[in-house]
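Subject: Handing over a structure, with notes on what was found

Dear colleague,

I am passing this structure on to you, and my notes follow directly below it. Please keep it open beside the text as you read.

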Amino acid sequence: MTRFWWKFAASICILSMLASCSAAQTTQVDREPLRVEFTQWWGDYTLIIAQERGLFEKYGVNVEPVYYKAYYKSLPDLASGQIDGALLNVGDVLNVSVHTDVIIPAAYDDGGPNTIVVTPSIKSIYDLKGKKLGVPLGSSGEFFVTQMLQVGGLKPSDVSILDYDPSEVPDALGKEIDAGLTWEPYTSISEQKGNHVLVNSVVGTMLYPSVIVFRKDVVESRPEDIRAFLKAWFEAVRFRQQNPQAARQIIANYLGVPLSSVELASSVKLLGQADNQTLFATGLNGRASTLQNIASLNVNFLVRIGTLTQRPDLTLMFDGRYLR
């Protein structure tokens with residue numbers, strides 16, 4: 001074979017290999033998107049940052065953020081497979097696990113403060129006696145409300161507890177309910193309507209952390225996509241921490257809301273990769289991780305009120321392998 005033909009043949013081989021690599025990369029990025037729920041919550045906005053800065057694309061995973069105004073409407077959609085993943089309170093993940101197997105590969109914030117907002121005439125917890133209180137029934141939020149009533153010398157039977165999504169509380173206060181469990185931005189919206197905060201949960205206790213959750217079948221069929229999702233997520237967390245003003249503008253633009261409606265800072269603590277490695281680490285002699293212990297407290301309450309009929313296997317639900 002002459003030198004010319006040898007070089008020609010080699011060139012064809014190289015081009016074929018490059019074309020194959022290109023096709024493989026395109027196939028990976030062009031796979032069906034991971035459909036992931038988010039709502040108006042400080043921690044959830046990391047999803048927006050990752051999407052708008054092209055970080056999911058950077059790590060080779062296709063993601064479709066799915067916005068829910070009413071947070072709790074996403075739970076049945078996750079259970080039924082309408083979405084692949086979600087950004088949920090750990091207690092709500094436990095409720096979903098009754099209907100489908102789920103995996104929690106990371107926690108993304110400490111849950112921040114829950115608030116009980118009330119109408120102007122209510123000045124103390126005891127004033128709630130005989131009043132209507134809106135809270136997502138069968139949730140960790142109900143756990144918080146039960147503890148609050150106990151502190152105020154009341155029992156759950158002393159109030160009428162109605163099923164309300166936190167996003168519905170501002171419009172319902174003073175009309176359908178006298179008090180309600182909610183969080184930002186709905187706490188501030190409630191205050192703007194003339195109501196006030198009666199109880200604010202202690203910041204930093206992390207009894208109800210927010211976690212990233214995917215259906216188990218999605219994780220098992222797309223493990224590398226889950227790893228890529230987390231890499232993009234944690235890079236977006238770093239961007240938010242280092243560039244709060246720029247992140248704020250990106251969030252406002254994506255949501256189509258005034259910049260002033262997006263907080264520049266929050267008491268909600270965003271959790272990065274190092275935080276997660278600590279939270280997922282098992283204790284001495286293989287004891288439960290910090291996250292498993294927190295989830296166990298929520299399980300105890302949900303079993304007590306009958307929302308859970310059996311205890312889920314938390315060692316299978318929390319899987320830190322995808323953090324690496």
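Predicted model: local features only at pLDDT ≥ 70, side-chain atom pairs only at ≥ 80, totals over all residues.

**Cavities**

The structure holds 3 cavities of 30 Å³ or more. The largest cavity is lined by 13 residues, and those nearest its centre are Trp41, Tyr71, Asn89, Trp183 and Ser210. Strand S3, which covers residues 85–89, gives the most to this lining, with 3 residues. Sorted by class, the lining of the largest cavity has 7 nonpolar, 5 polar and 1 charged residues.

The second largest cavity has a volume of about 60 Å³, and the residues that line it are Tyr72, Asn89, Asp92, Asn114, Ser139, Ser140, Gly141, Leu181 and Trp183. By class, the lining of the second largest cavity has 3 nonpolar, 5 polar and 1 charged residues.

Is Ser210 buried or exposed? Its relative accessibility is 6%, under the 20% cut-off, and so Ser210 counts as buried. The side chain of Ser210 makes a polar contact, at 2.7 Å, with the side chain of Asp109.

The largest pocket holds about 440 Å³ of space. It is lined by 22 residues, of which Asp101, Val102, Asp313, Leu316 and Met317 are the closest to its centre. Strand S4 (102–109), helix H9 (216–221) and helix H14 (314–317) are the elements that give two or more residues to this lining. The residues of the lining divide into 10 nonpolar, 5 polar and 7 charged.

For the second largest pocket, the volume is about 370 Å³. There are 20 residues in its lining, and Gln40, Pro185, Tyr186, Ile189 and Ser261 lie nearest its centre. At least two residues of this lining come from each of helix H7 (169–172) and helix H8 (186–192), with H8 supplying the largest share, 4 residues. The lining of the second largest pocket divides into 10 nonpolar, 6 polar and 4 charged residues.

Pro185, one of the residues nearest the centre of that second pocket, lies in the loop between strand S8 (179–182) and H8. The peptide bond that leads from Glu184 to Pro185 is cis, with omega near 5°. As background, most peptide bonds are trans.

**Nonpolar cores**

The largest nonpolar core has 95 residues, and Leu128 and Phe229 are those with the most contacts inside it. Helix H10, residues 223–242, gives the most to this core, with 10 residues. A second, separate core has 6 residues, including Val117, Tyr164, Ala172 and Leu173.

What does Leu128 touch, not counting residues up to four places away in sequence? Its contacts are with Val118, Ile122, Leu133, Met148, Leu149, Leu154, Asp158, Val159, Ala179 and Leu198.

**A partly exposed loop residue**

Val257 has its place in the loop between helix H11 (244–255) and helix H12 (273–280). Its relative accessible area is 28%, which falls between the cut-offs of 20% and 50%, and Val257 is therefore partly exposed. Not counting residues up to four places away in sequence, Val257 touches Ala252 and Val262.

**The protein as a whole**

Taken overall, the protein has 14 helices and 10 strands, and 49% of its 324 residues count as buried. Among contacts between residues at least 6 apart in sequence, 77% join residues at least 24 apart.

With kind regards

Conventions
Residues numbered from 1 in each chain as written. Heavy atoms only, no water. Buried < 20%, exposed > 50% of the residue type's maximum accessible area, 1.4 Å probe, protein only. Polar contact = N/O pair within 3.5 Å; in protein donor to acceptor, adjacent residues only side chain to side chain. Core = buried A, V, L, I, M, F, W, Y, C linked by side-chain atoms within 4.5 Å. Contact = heavy atoms within 4.5 Å. 1 Å grid on protein atoms, 1.4 Å probe; cavity = no way out; pocket = protein on both sides within 12 Å on 5 of 7 lines; lining within 4 Å. Points joined across faces, edges and corners; volume = space filled by probe spheres on them. Nonpolar A, V, L, I, M, F, W, Y, C, P; charged D, E, K, R; others polar.
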